[in-house]
Amino acid sequence: MRTIQKLCNVVAEELWITPSHRWVDIENRLQMRDILPQKEWKESGVTCLAARRGMGKSVLAEDILVDAAMWMQKAVVYFPFEQSEESLMRRLIQKISGVDIAEEMEQEEAEIVAAALDFLADLPIVIDNTPGILISELETKLRTLPEIGMVVIGDIQLMCGDNTGHEDRQEELREFVKKLSGISKELQIPVLFTSLVPRTVDYRANKRPHLADMQYGVFAEDVEQMIFLYRERSYRGDSYKEQTDDDSAEIILAKSKSGITKTIRARLDETYFRFCKNEDYDFIVQREYNGTPIRYAVIHGETSRILLIKGGQDSSVYGFQNKYLNVAKRVNAVCGCAVVVSSNPYDRTDSLEDAIRMIKELVCKEPEIYYMGNSNGAVLGGRYAHLHPEIKKMLLVNGPLMINWPQTKRGVEQFTGEEVTFVYGDRDPSYKYLGLLGVIERPGKRSVITVEGADHNFKGRDEEFLTLAEKYLLS
């Protein structure tokens, strides 16, 4: 076992780095409290962090390691198993500094790395990468250390048993977890270990892991808390990776002491080995349709249902405004469907075709689309939705009448298969806006809901709008 301070000194000599008191900015990092309240992390008990290979579970375990050392102010012991001390230290330095130390560094970068080394050296982290360590040896080492705040263990599948005569590996792994649980209670410390999710998840449509997947190997009932890590990108082909900047991840809290379950959205920075907070979209797609640039923002979902939001012309000028972001995040969280927000170019009125093509290429091959259009986006949906059988319902918001009205009305009637009458709100008809929210279904069904005084940008009406979106579009 070696303290991280000694390892920092070794790395500093290798990199010819001198000490620095420069502040290291790590505010955007994902923190333990983003997953669970700190109180639940401090209590004794065993937590399993499980994922398929390549999802980044070691990176997340190291994020938790650093964060625990920062606020617990007691020794956090790490058994990485599959990493050398040198490799681990380089990952931790890049995690904290945001500098690629494999490349030649400028003076400013060297100062940031020096600050990261100072920062790490002050953390009470103890590292033991003994290869092939026995579970009994691990227990003995932990009992000899004073003032332990937490224990983090690498892939439990790499741990060795004590030749206790178990007939199969699954039973042996369960025995490991029981022993970890015992030492957690004995020393009154939390223990976190990582584990592989069985490959059976790879053969189903929704590949997000859940508790039932852990019936082989590490059983879900053997731990107090179960966290899964999922990344859509890991299951996608080269075309998807070339067209998107998708670095999104889902941290799925599937079991906790308090009974809380939730999904935390994050981003994996693969260059600097760290997870960051994600409060916006999972990825942005830049495309061209008939020579006109179009932007798409995508939030991953759990089903084949897609909410497609087409804004007015302002959405292409000012980017994706908060009103669309609020709708997208809320509907995604409540309904579990994917959300696609699309800009609407000034000089294209038929870009719906490209939006659906993009969805089929990068989001879902056989989507069930629910369309939400605001302003010119409402006109676009009204005029062209009947050409696309993938669209099941529309929510039209404040579509301008002007010269588009006859074509929009005709398109909506083709979509519904019956004559449609729109209802005005309290706006002056000369303003040439519908002033309504209308939900339209196919085939042969429609419902038009008047919202008095709804204005062009539905300012101040977010809650009402969101409720209608959930109730009428995705019910």
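Biologist: How do helix 5 and helix 6 stand to each other?
Modeller: This is a predicted model, in which local features need pLDDT of at least 70 and side-chain atom pairs count only at pLDDT 80 or more, while totals for chains, interfaces and linings use all residues. Residues are numbered from 1 along each chain as its sequence is written, and side-chain values use heavy atoms, leaving out hydrogens and water. Helix 5 (residues 85-97) and helix 6 (residues 107-121) pack at an angle of about 110°, their axes being 9 Å apart; axes are lines fitted to C-alpha atoms, for helices over the stretch in contact, and angles run from 0 to 180 degrees between N-to-C directions. Angles under 35 degrees count as roughly parallel, over 145 as roughly antiparallel, 65 to 115 as roughly perpendicular and the rest as oblique, so the two helices are roughly perpendicular.

Biologist: How far apart are the end C-alpha atoms of helix 4?
Modeller: Helices (H or I, at least four residues) and strands (E, at least two) are DSSP runs numbered from the N terminus, and helix 4 covers residues 57-72. The expected span is 1.5 Å times one less than the number of residues. For the 16 residues of helix 4 this gives 22 Å, which agrees with the separation in the model, 22 Å.

Biologist: How many residues of helix 4 are buried?
Modeller: Buried means under 20% relative accessible area, exposed over 50%, and partly exposed in between (1.4 Å probe, protein chains only). Helix 4 is mostly covered, and its buried residues number 14 of 16.

Biologist: Which residue of strand 14 stands opposite Val-298?
Modeller: Two strands pair if DSSP finds at least two bridges between them. Strand 12 pairs in the antiparallel sense with strand 11 (residues 283-289) over seven bridges, and with strand 14 (residues 338-342), also antiparallel, over four bridges. Six of the eight residues of strand 12 (residues 292-299) are buried, so the strand is largely enclosed by the rest of the structure. On the strand 14 side, the residue opposite Val-298 is Val-340.

Biologist: Which residue in the turn between strand 11 and strand 12 has a positive phi?
Modeller: The two strands form a hairpin with two residues between them. A phi of about 50° in that turn belongs to Asn-290.

Biologist: Which residue's backbone nitrogen does the side chain of Asp-269 reach?
Modeller: Asp-269 lies in strand 9 (residues 262-269) and is partly exposed, with a relative accessible area of 22%. Its side chain comes to 3.3 Å from the backbone nitrogen of Tyr-272.

Note on methods:
Polar contact = N/O pair within 3.5 Å; in protein donor to acceptor, adjacent residues only side chain to side chain.
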